[in-house]
Amino acid sequence: MKKIYNILLVVIFIVNLSCEDAIDIVQPGELSEEVAFANVNDLQIGLNAVYFGLNTDNAIEISSFFTDETALGVENSGQNLDLLRFQLNTVSGIPENMWLGNYATINSVNRILRAANTISVNTDEQDTYNDILGQLYAIRAAEHFELLTYFSTDLKDDSALGVIKLDIVPAFDTYLPRVSNGELFQFIESDLSLAKSLLDNNRSNVEFITSNFIKALEARIALYRGDNDAALTLAQELIDDIPLATRTQYQSLFRDISTDGLIFKGERNQSNNTDGIPSLYYFRFAGITGGPFMEISRSLFNNLNPDDIRYDVIVQSSSQIDPGYESNKGKNDILLIGKYQGHDGQPLLNDYKYFRVAEMYLIKAEAQAMLNDLDGAATTLKELRDARFSAPTSLDSYASQTEALIAVLDERRIELAFEGHRYIDLKRLSNITGTSIDRDAIDCESFNACELGVDEFFKFTFPIPQRELAGNPEIRSQQNPGYN
């Protein structure tokens, strides 16, 4: 037990390491991975710790506060005002946390992979060993893709600058530049190919990497890169394999009671995490007396239908809804976020829903619209809505591709609310649909930030953090446009 505890401390140190730059990881005098990981069991312990890097914290935060999902809560005393005012720069916390956090996770993966090459593997351990490596390659691919999604200006342009490709354990004085999207996607595809060849394909537990995780990641990558045929095919395979959550199951899913409709989630409990998603919106617990410092935006609330089970999940039951909110200047409106209400007696703790099959329906519908199958897109959206409403919904009819894509974007806003998608959805689709951040004047006039100016659209791409620029001379000339 003492040995296992010591290994966990080493791995947690690796994952949470704070450093001058993302690749300045290996410090003189550190305990090497060859000592920390001496056998297959040690590799499993290391893998378990690396899983904590697969979370959606930063994605949820930027979508919640920078776009149009939230407004100031009744107990707000300045929390998130900078993001609500569209203030995003090289010292902003979310880009820095994602950059350093993802690269710390990737570096941890690389250290475990390097150690794996030095250990002896018995014949009866080979399948377990291979499966561990497969999961590690998948995690490395997912972390690189998340970095690309937020730090590259255009995922559809292979020649655009991506991020640092970290496929080694760098020395103390190693400095690496950003490379092109094309090079990164080749690397990601290679990792996913390795993962598929090594994974235990019989595993179905949604708390671990499975073949469905790989397929969902590939579907999202294909959609974001504009490969609509591949996105459609991959999404359909998952739709055929995983039932969509029913109305009852949908509620249970977000109470962390069931896993219906899930492809992968990051489990959080009292023993492995002390804080969680509800703490992004509440001081104490999800409720009107729980210290709500962020609430549902009026514009999002106005798009919800009480006959939709998503209304019951998104809107916390103790909310105070004022039909005359406009004339009352919102003073009597308390729209509480109810999607995360804690679990297992932990009011600020919830699991991360990393991939759901509902997203695959939305990927399918968007790909269909992009391929000008407008009737197909309408049918797919109806299938999703029918699972959320108590009675069958009407079938849309779209006069143009743009109209269909707006419908997809609107459905994504509701289905994936507070799950970390809105910021990237607007980045991907605003130029095509003409849709931008949608804030009700009641929520934003007090701090004069109701619209993001055209000259500020560059803020839908993260800046390279100042800490990275200071510590890595190779990247100083590679800052994203608008942040120079």
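Reply: A cavity is a set of grid points where a 1.4 Å probe fits but cannot get out. The model examined here is predicted.

Me: What volume does the second largest cavity have?

Reply: The structure holds two cavities of 30 Å³ or more. The lining of the second largest cavity includes Thr 70, Leu 84 and Phe 447. By class, that lining has three nonpolar, two polar and two charged residues. The volume of the second largest cavity is about 40 Å³.

Me: Which element supplies the largest share of the lining of the largest cavity?

Reply: The largest cavity has a volume of about 220 Å³. Its lining has 16 residues, with Ala 59, Glu 146, Tyr 150, Arg 220 and Gly 420 nearest the centre. At least two residues each come from α7 (126-151), α9 and β6. The largest share, five residues, comes from α7.

Me: Which element gives the most to the lining of the second largest pocket?

Reply: This pocket holds about 370 Å³ of space and is lined by 21 residues. Two or more of them come from each of α9 (211-225), α14 (357-370) and α17 (422-433). Lys 427 and Arg 428 are among the residues nearest the pocket centre. With six residues, the element that gives the most is α17.

Me: Which residue in β6 stands opposite Gly 266?

Reply: Five of the five residues of β4 (262-266) are buried, so this strand is largely enclosed by the rest of the structure. β4 pairs with β6 (352-356) in the antiparallel sense, over four bridges. Opposite Gly 266 stands Tyr 352.

Key:
Residues numbered from 1 in each chain as written. Predicted model: local features only at pLDDT ≥ 70, side-chain atom pairs only at ≥ 80, totals over all residues. Heavy atoms only, no water. Buried < 20%, exposed > 50% of the residue type's maximum accessible area, 1.4 Å probe, protein only. Pairing = 2+ DSSP bridges. 1 Å grid on protein atoms, 1.4 Å probe; cavity = no way out; pocket = protein on both sides within 12 Å on 5 of 7 lines; lining within 4 Å. Points joined across faces, edges and corners; volume = space filled by probe spheres on them. Nonpolar A, V, L, I, M, F, W, Y, C, P; charged D, E, K, R; others polar.
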